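Dear colleague,

I am handing over the structure below, and my notes on it follow. Please read them with the structure open beside you.

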There are 2 protein chains.
Amino acid sequence: MTQDGRRLRGQRSRETILAQAVSLASVEGLDGLSLGRLAAEIGISKSGFFAHWRDKQELQLEAVDWAVRQWREHIVVPALRAPAGVRRLFALHEARLRFYAERVLPGGCFFLAVQAEFDDHPGAVRTRVVQALHDWEAFIRSLVEEAVALGELDRGVDPAQLAYEIEALGKAAVPHSRLLDEQLAFTHARRTVLQRLRGLCADPSLLPED
Amino acid sequence: MTQDGRRLRGQRSRETILAQAVSLASVEGLDGLSLGRLAAEIGISKSGFFAHWRDKQELQLEAVDWAVRQWREHIVVPALRAPAGVRRLFALHEARLRFYAERVLPGGCFFLAVQAEFDDHPGAVRTRVVQALHDWEAFIRSLVEEAVALGELDRGVDPAQLAYEIEALGKAAVPHSRLLDEQLAFTHARRTVLQRLRGLCADPSLLPED
């Protein structure tokens with residue numbers, strides 16, 4: 001086997017471990033993540049980890065980055081296929097709800113789990129979690145601004161406030177779908193944003209009626 | 001000391017422990033709650049617990065009940081002082097945001113912490129957490145229905161959907177105020193609900209302008 005082959009194999013097992021770490025962390029949180037349990041679930045030795053990461057924090061930081069890439073791939077990229085403006089904004093919200101409804105992650109949402117966990121724990125992992133939330137809100141806001149610039153959304157809209165609103169209505173679908181009526185939670189999460197956007201939209205026919 | 005005196009003292013230390021347990025759980029979650037650490041923070045012996053509770057689960061269940069009473073006292077009772085209808089509904093939301101902003105609990109919100117924790121863990125504690133969320137949403141819904149019945153809110157409103165909306169916009173203030181700009185998060189959480197209610201209200205002058 002060539003050195004390139006070994007590097008490729010190493011990269012693959014690194015990706016496999018990170019995917020599994022993000023899945024587990026969506027249930028247990030990143031701090032509850034025991035390297036021993038993770039190793040057992042993946043079927044590698046605990047020392048196998050240290051071929052990839054210096055310590056647990058390094059693994060946690062890369063898990064956050066991996067989860068950001070997963071979110072981008074499942075939610076941001078599909079939304080960017082919709083036409084710019086209010087349709088793209090709503091496509092983003094729908095892609096997020098689909099990600100939750102399809103149970104891509106067993107715990108529902110990696111970010112919700114780690115936001116609750118690290119808000120009280122200063123350090124490098126919290127900084128990375130804050131950055132991810134900041135970037136996500138800034139992205140929603142940029143789509144709102146684009147929809148305003150295209151004349152599709154009312155000029156009186158406060159983009160940061162509408163971004164908070166869309167983010168909050170999507171986020172609450174996680175605990176509500178998991179603890180109360182699942183279908184109803186997703187219906188509410190979808191309709192509240194849809195009706196809000198239709199109410200602010202110069203041409204509501206750009207959006208579904210219901 | 002009479003038997004009544006001893007009972008009273010026992011009741012008081014029980015309340016003290018529960019208050020401390022709810023505070024700690026708002027940061028660490030209920031499962032992370034170590035009896036040893038709790039005992040150390042309160043300054044009682046670990047065996048002191050077992051005078052009050054059979055096991056950790058019994059303490060967790062009573063902690064949920066205690067947090068429900070705290071929520072009622074800080075949020076529901078003040079709202080009930082406002083006139084029935086849309087003013088009471090908005091007073092409820094404001095009382096909730098005040099509870100968060102005043103940092104009554106060090107972790108922000110006991111319920112958000114335990115909802116994230118127990119959604120994956122079937123058992124008696126999860127059942128109690130689900131009941132608390134169900135009752136809270138039903139209470140918001142009943143205030144919406146009252147406001148509709150009084151002719152203050154549009155008859156076309158779906159009360160369960162508006163309850164989801166108010167709950168989601170309040171809930172997201174916890175992670176957002178703790179991880180991003182605190183003041184901006186509370187401003188957004190307040191204004192989104194205020195503008196939504198004003199938009200649905202027959203007489204917007206019942207509510208503050210901003």
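**Notes on the fold and the pairing of the chains**

Chain A holds ten helices and zero strands, where helices (H or I, at least four residues) and strands (E, at least two) are DSSP runs numbered from the N terminus. This is a predicted model, in which local features need pLDDT of at least 70, side-chain atom pairs count only at pLDDT 80 or more, and totals for chains, interfaces and linings use all residues. Residues are numbered from 1 along each chain as its sequence is written, while chains are lettered from A and ligands numbered from 1 in the order in which they are written.

Read from the N terminus, the elements of chain A run α-α-α-α-α-α-α-α-α-α, and the C-alpha trace of the chain spans about 60 × 40 × 30 Å along its principal axes. Of the 210 residues of chain A, 38% count as buried; a residue is buried if 20 or more other C-beta atoms lie within 10 Å of its own, exposed if 12 or fewer, and partly exposed in between, with C-beta atoms placed from the backbone. Among contacts in chain A between residues at least 6 apart in sequence, 63% join residues at least 24 apart, two residues being in contact if their C-beta atoms, placed from the backbone, lie within 7 Å.

**Packing inside chain A**

H6(A) is mostly covered, since nine of its nine residues are buried, and these run from A:Phe110 and A:Phe111 through A:Leu112, A:Ala113, A:Val114, A:Gln115, A:Ala116 and A:Glu117 to A:Phe118. This helix packs with H7(A) at an angle of about 130°, with the axes 10 Å apart; axes are lines fitted to C-alpha atoms, for helices over the stretch in contact, and angles run from 0 to 180 degrees between N-to-C directions. H6(A) and H7(A) are therefore oblique to each other, given that angles under 35 degrees count as roughly parallel, over 145 as roughly antiparallel, 65 to 115 as roughly perpendicular and the rest as oblique. From H6(A) the contact draws on A:Phe111, A:Val114, A:Gln115 and A:Phe118, and from H7(A) on A:Val125, A:Arg126, A:Val129, A:Ala132 and A:Leu133. By class, the residues of this contact are seven nonpolar, one polar and one charged, where Ala, Val, Leu, Ile, Met, Phe, Trp, Tyr, Cys and Pro count as nonpolar, Asp, Glu, Lys and Arg as charged, and the others, Gly among them, as polar.

H7(A) also meets H4(A), and the axes of these two helices come within 9 Å and cross at roughly 15°, which makes H4(A) roughly parallel to H7(A). The residues that make this contact include A:Leu61, A:Val64 and A:Val68 of H4(A) and A:Val125, A:Val129 and A:Phe139 of H7(A), and by class the contact has nine nonpolar, two polar and one charged residues.

**How the two chains meet**

In the pairing, 28 residues of chain A are in contact with 27 residues of chain B. Helices H6, H7, H8, H9 and H10 of chain A each supply at least two residues of the side that touches chain B, and the largest share, eight residues, comes from H8(A). That side of chain A divides into 14 nonpolar, seven polar and seven charged residues.

A rotation of 180° with 0.0 Å of shift along its axis superposes chain A on chain B (RMSD 0.0 Å), where copies are superposed by least squares on the C-alpha atoms of residues with pLDDT of at least 70 in both. The two copies are thus related as by a two-fold rotation axis. The same surface serves both copies, in that 96% of the contact residues of chain A recur in chain B. Of the residues of chain A, A:Ala168 comes closest to the rotation axis, at 2.8 Å (C-alpha).

B:Glu73, found in helix H4 of chain B, is exposed, with 11 other C-beta atoms within 10 Å. B:Ala91, found in helix H5 of chain B, is partly exposed, with 18 other C-beta atoms within 10 Å.

With best regards
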